[in-house]
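I opened the file and kept notes as I went. The entries follow the order of my look-ups.

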Amino acid sequence: MTSDVSVREQQVLDRIERARRRRAKVKEERITLAHGSGGKATQTLIEAVFLEAFRNPLLEPLEDAAELAIGSARLALTTDSFVVSPLFFPGGNIGDLAVNGTVNDLAVSGATPKYLTAGFILEEGFPVADLSRIVDSMTAAAAAAGVSIVTGDTKVVQRGKADGCYINTAGVGVIEHPGRFGVATARPGDVVLVSGPIGEHGITVMLARGELDIEADLVSDTAPVHGLVAELLAATSGVRAMRDATRGGVATILNEVARAAEVAVVVDEDAVPVGPEVRGAAELLGIDPLYVACEGRIVAIVDGAAAQDALAAMRRHPLGEQAAIIGRVKADPPGLVLLNTVFGGTRICDLLVGDPLPRIC
Amino acid sequence: MRFVDEFRDADKARALSAKITGLCEPGREYKFMEVCGGHTHTIYKHGLEDYLPESITLIHGPGCPVCVIPMGRIDDAIHIARQPGVLMTSFGDMMRVPGSGGNFFDSNAEGTNIRMVYSPLDSLKVARQNPDRQVVFMAIGFETTAPSTAMTVLRAAKEGIENFSVFCNHITIIPAIKAILDSPDLRLDGFIGPGHVSTVIGCRPYEFIAHDYGKPIVVAGFEPLDILQSIYMLMLQLKEGRSEVENQYSRVVPWEGNLTALRAIAETMELRPYFEWRGLGFISHSALQVRSKYAKFDAELLFDVPGVRVADPKACQCGEVLKGVLKPWECKVFGTACTPETPIGTCMVSPEGACAAYYNFGRFTRTRVREASIS
């Protein structure tokens, strides 16, 4: 490649970066499934519709939970909705998923989870026995996470207007830790950790739908991470941000870090923990595990000097035994996530547009 | 993981890279086309170009079925899906390909029922589960996927399934390669041959490339080392003054192809007189339709299909990209008006499309990425 071509290519790429930074605008006339997938379309919808309308300083950071100051107390408030299909899958069901998901959003905001709400939207004809199973696992999950479900709501819709059972939650936690976390605080020299093997929830649910004729000995990783977070925060003051790697997976979170903090995130593919079942299924389906949802894994951005302490702290917790340092934060090129592949090449790891779609050949 | 890791070994890649560099003649530029979109995807996904000397350029070819489907066929599919009682099934890649009035997701938001399936046989399952619906499978792909469509038609016929049909968009690879070779815009030194297509058609159909056009072609596998080794084999042919068909992917591709699969295609499908390819225009005998013997499974006969030719958007340069005349980033709308979120052209839709692969994985000049990623 001649240098003239390089220069022209760089000009085009700069123009693209400028285009990407423009204010988000929803171009579609109707909501499509891509708007719910956690990728670019979701981000655009949130920024162009919700943030534009509701804009306030507490919402603007778009973190997993908002931090509220009430009197001298610092509270974290989050909300989440669960529409997983199938409702029951290996390793859990929509009930414990709802509790753990809400607890995790609070935990990664640095809060101790305290109280949850539970709203149920039920479809006419839904078996009460199934509802009882869901509620029982919510009870167990709440007990395990040390939270109480203190208020709730029930609505029933006509047959065909919902898919069995949807759950909406809110969660309140108390922030006692003095630190302030946020992906925008990441800076060059920081490291990126994940607390365990990625993608197990997403692949489990995909296989549980029974459309793929792939069988794997795999269970969802759904779990409350508050204990792991507490261990991490007790061990080091170097934590800058934590996220639970749900919809959109680890790659989506790292893109949020790169964008919010105007930094580059460089990931070493061979350092990313991925179990053989997840890897096998993902290879077959042509899906990158970095984009597959987890429900009990966190991504932490930590000061480079505290990297080993943070890693050791995570590994002390049963959920973090396979924790790993998967990458680091650099100054250039800002806003991008780069992957050093196992093969020895380098590529970009961008936000996905919608759900990862299987390739046809 | 076995059967994967050994094909991504960085030490072997470095060794091959050195051998390739050693074969480069000073001052000579080499241009190889990887015909298949799956190869394009592998090249970008693994950062394979980091191993190539600057004098070797890879040109991304037309072998991405989603990329070459013209807009009119998407409109036709949506038109079928809108008819009462129709439930359409399609591969995931198709869902975001834009027609003139939106893609399948948009169409579903407006009321159609187009579902994603992983295999045509799954469509048959959908048909059995929905006896009150007409299930139409949007069939697309080269000879790679045509056999599974053929087998599905055969099974539907055997089981006497009445509510299943195929909207056939299968295309064949050889006419497209010939169109590229006859294109005056492009000078190529050789081809990385499509691996999956070749598992079906074998290696023999490529002989005209070597004999009539004097270009080497190496049928390649889809792991990064496969492609690197194929480039080495191409460079060796050039060095030794040979132009032959070679098979790097012999662990999967038999020289004669898969006769059972070919028979199934021949039984259920026949060549169309001509078919429109996005960017390449009308190419004669380049696509398949359901044979009249199986007419009751042919959605084009069962449903009203407008068949209107829709011109590509003016700004779109997919044609030039598909022929390898332009690099993705050289297209006027690349990355600004045309992005994976709001694609104008098909090359930006499928992960195998050259533009999408470049946008998602390679949107940075090599030198700068290298500087940034070295720890």
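Which residue in E9(B) stands opposite Ile217(B)? I looked it up and found Val245(B). One caveat for all my entries is that this is a predicted model.

**Entry: the sheet around that pair**

I took the two strands next. Strand E8 of chain B covers residues 217–219 and is joined to E9(B) by 3 bridges. The two strands run parallel.

**Entry: a hairpin in chain B**

I moved on to strands E11 (residues 274–277) and E12 (residues 281–284) of chain B. They run antiparallel and are joined by 4 bridges. Tyr274(B) stands opposite Ser284(B) in E12(B). E11(B) and E12(B) form a hairpin with 3 residues between them. I checked the turn and found a positive phi of about 85 degrees at Gly279(B).

**Entry: chain B as a whole**

I counted 16 helices and 13 strands in chain B. Its radius of gyration is 21 Å, close to the 21 Å from the globule rule for 375 residues, so chain B is as compact as a globular protein of that length. The C-alpha trace of chain B spans about 65 × 45 × 45 Å along its principal axes. Of the 375 residues, 55% count as buried. I also looked at contacts between residues at least 6 apart in sequence: in chain B, 77% of them join residues at least 24 apart.

**Entry: where chain B meets chain A**

How many residues of chain B are in contact with chain A? I found 52, touching 47 residues of chain A. Elements giving two or more residues on the chain B side include helix H1 (10–23) and helix H2 (37–45). The largest share of that side, 6 residues, comes from H16(B). I sorted the chain B side into 22 nonpolar, 16 polar and 14 charged residues.

**Entry: two items in chain A**

I examined helices H6 (residues 226–235) and H9 (residues 307–316) of chain A. Their axes come within 8 Å and cross at roughly 150 degrees. H6(A) passes H9(A) in a right-handed crossing. H6(A) contributes Leu228(A), Glu231(A), Leu232(A) and Ala235(A), while the H9(A) residues include Asp309(A) and Met314(A). The contact divides into 7 nonpolar, no polar and 3 charged residues.

Last, I asked how many of the 10 residues of strand E6 (residues 148–157) of chain A are buried. The number is 0, so E6(A) lies largely in the open. Strand E5 (residues 111–123) of chain A pairs with E6(A) in the parallel sense over 9 bridges. I noted Ser148(A) in E6(A) as the bridge partner of Tyr115(A).

How values were computed. Residues are numbered from 1 along each chain as its sequence is written. Chains are lettered from A and ligands numbered from 1 in the order in which they are written. This is a predicted model: local features need pLDDT of at least 70, side-chain atom pairs count only at pLDDT 80 or more; totals for chains, interfaces and linings use all residues. Two strands pair if DSSP finds at least two bridges between them. Axes are lines fitted to C-alpha atoms, for helices over the stretch in contact, and angles run from 0 to 180 degrees between N-to-C directions. A crossing is left-handed if the near helix is turned anticlockwise from the far one by less than a right angle, and right-handed if clockwise. Two residues are in contact if their C-beta atoms, placed from the backbone, lie within 7 Å. Ala, Val, Leu, Ile, Met, Phe, Trp, Tyr, Cys and Pro count as nonpolar, Asp, Glu, Lys and Arg as charged, and the others, Gly among them, as polar. The radius of gyration is taken over C-alpha atoms; the globule rule is 2.2 Å times the number of residues to the power 0.38. A residue is buried if 20 or more other C-beta atoms lie within 10 Å of its own, exposed if 12 or fewer, and partly exposed in between; C-beta atoms are placed from the backbone.
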